[in-house]
Amino acid sequence: MTLSPETTERLAFLVRVVGKEIAHLEYADKQAFSPPLTRDAVEGLDSNPALALKIEAFTSRFCRLQDTVGDKLLPALLKALGEPASALLINLNKAEKYGWLDSADQWVNLRQLRNKMIHEYIEDSDVLYASLMTAHDNLSVLNRFARSLVIQVEQLQTL
């Protein structure tokens, strides 16, 4: 399969961005969750600006990687493979069928953490804590999907 120069460059750019975003998220994860994050620490974020910044960095980077993988890299890869442009859920189902993603439903559930981590925490530290812990506990899902797509792009570019 021969890709256009524009497609090749776009995919290469997205692969580079995803690689950097994975590294940045892993660093932010270590900063926010080491020592282990506690419910009390989250409840006291107003009086701990250093931890609040670490949590903000983790949240921002988690959401950014999700956006880049799901909204940019996945559609670009599917397009390069000749798939028609589709909505996110359809693309996720295709990714699951290709074996790049274990569960489209799980990805959607992780996407829903965004609002809980970004908006709802203002009202409820328990929601924020639970959302942060879920995101932290599921980093491997995000990383596995991202790396699966990167591998597919690299294989596609060698054809």
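Helix 1 crosses helix 8 in a left-handed sense. Left-handed means that the near helix is turned anticlockwise from the far one by less than a right angle; clockwise would be right-handed. Their axes come within 10 Å and cross at roughly 155°. That makes helix 1 roughly antiparallel to helix 8. Helix 1 contributes Thr8, Leu11, Ala12, Val15, Val18, Ile22, Leu25, Glu26 and Asp29 to the contact, and helix 8 contributes Leu139, Leu142, Asn143, Ala146, Arg147, Val150, Val153, Leu156 and Gln157. By class, these residues are twelve nonpolar, three polar and three charged.

The model is predicted: local features need pLDDT of at least 70, side-chain atom pairs count only at pLDDT 80 or more, and totals for chains, interfaces and linings use all residues. Residues are numbered from 1 along each chain as its sequence is written, and side-chain values use heavy atoms, with hydrogens and water left out.

Some terms need their cut-offs. Helices (H or I, at least four residues) and strands (E, at least two) are DSSP runs, numbered from the N terminus. Axes are lines fitted to C-alpha atoms, for helices over the stretch in contact, and angles run from 0 to 180 degrees between N-to-C directions. Angles under 35 degrees are roughly parallel, over 145 roughly antiparallel, 65 to 115 roughly perpendicular, and the rest oblique. Contact means heavy atoms within 4.5 Å. Nonpolar covers Ala, Val, Leu, Ile, Met, Phe, Trp, Tyr, Cys and Pro; charged covers Asp, Glu, Lys and Arg; the others, Gly among them, are polar.

**The chain as a whole**

The chain has eight helices and zero strands. Along the sequence the pattern reads α-α-α-α-α-α-α-α. The C-alpha atoms fill a box of roughly 55 × 25 × 20 Å along the principal axes. Of the 159 residues, 38% count as buried. Buried means under 20% relative accessible area, exposed over 50%, and partly exposed in between (1.4 Å probe, protein chains only). Among contacts with a separation of 6 or more, 70% join residues 24 or more positions apart.

Two helices can be checked against their expected span, which is 1.5 Å times one less than the number of residues.

| Helix | Residues in helix | End-to-end C-alpha distance | Expected span |
|---|---|---|---|
| Helix 7 | 13 residues | 18 Å | 18 Å |

Helix 1 buries Leu11, Leu14, Val15, Val18, Glu21, Ile22, Leu25, Ala28, Asp29, Ala32 and Phe33. Their cover includes helix 3, helix 7 and helix 8. An α-helix has 3.6 residues a turn, so residues three or four places apart point the same way.

Helix 7 spans residues 125–137. Its buried residues are Leu128, Tyr129, Ser131, Leu132 and Ala135. They pack against helix 1 (5–33), helix 2 (39–43), helix 3, helix 6 (113–118) and helix 8 (139–158).

**Helix 3 and its partners**

Helix 3 packs against helix 7 at an angle of about 55°, with the axes 11 Å apart. Helix 3 is therefore oblique to helix 7. The crossing is left-handed. Ile55, Phe58, Thr59 and Phe62 of helix 3 meet Leu132, Ala135 and His136 of helix 7. The contact holds five nonpolar, two polar and no charged residues.

Helix 3 (residues 49–80) also meets helix 4 (residues 88–98): their axes come within 10 Å and cross at roughly 60°. These two are therefore oblique to each other. Helix 3 passes helix 4 in a left-handed crossing. On the helix 3 side are Gly70, Asp71, Leu74, Pro75 and Leu78; on the helix 4 side are Leu88, Asn91, Leu92, Lys94, Ala95 and Tyr98. The classes are seven nonpolar, two polar and two charged.

**Two buried asparagines**

Asparagine 91 lies in helix 4. Its relative accessibility is 3%, so asparagine 91 counts as buried. Beyond four places in sequence, asparagine 91 touches Leu74, Pro75, Leu78 and Ser86. Its C-alpha is 8.9 Å from that of alanine 104, 13 residues apart along the chain.

Asparagine 143 lies in helix 8. At 11% relative accessibility, asparagine 143 is buried. Leaving aside neighbours within four places in sequence, asparagine 143 contacts Ile22, Glu26 and Leu65.
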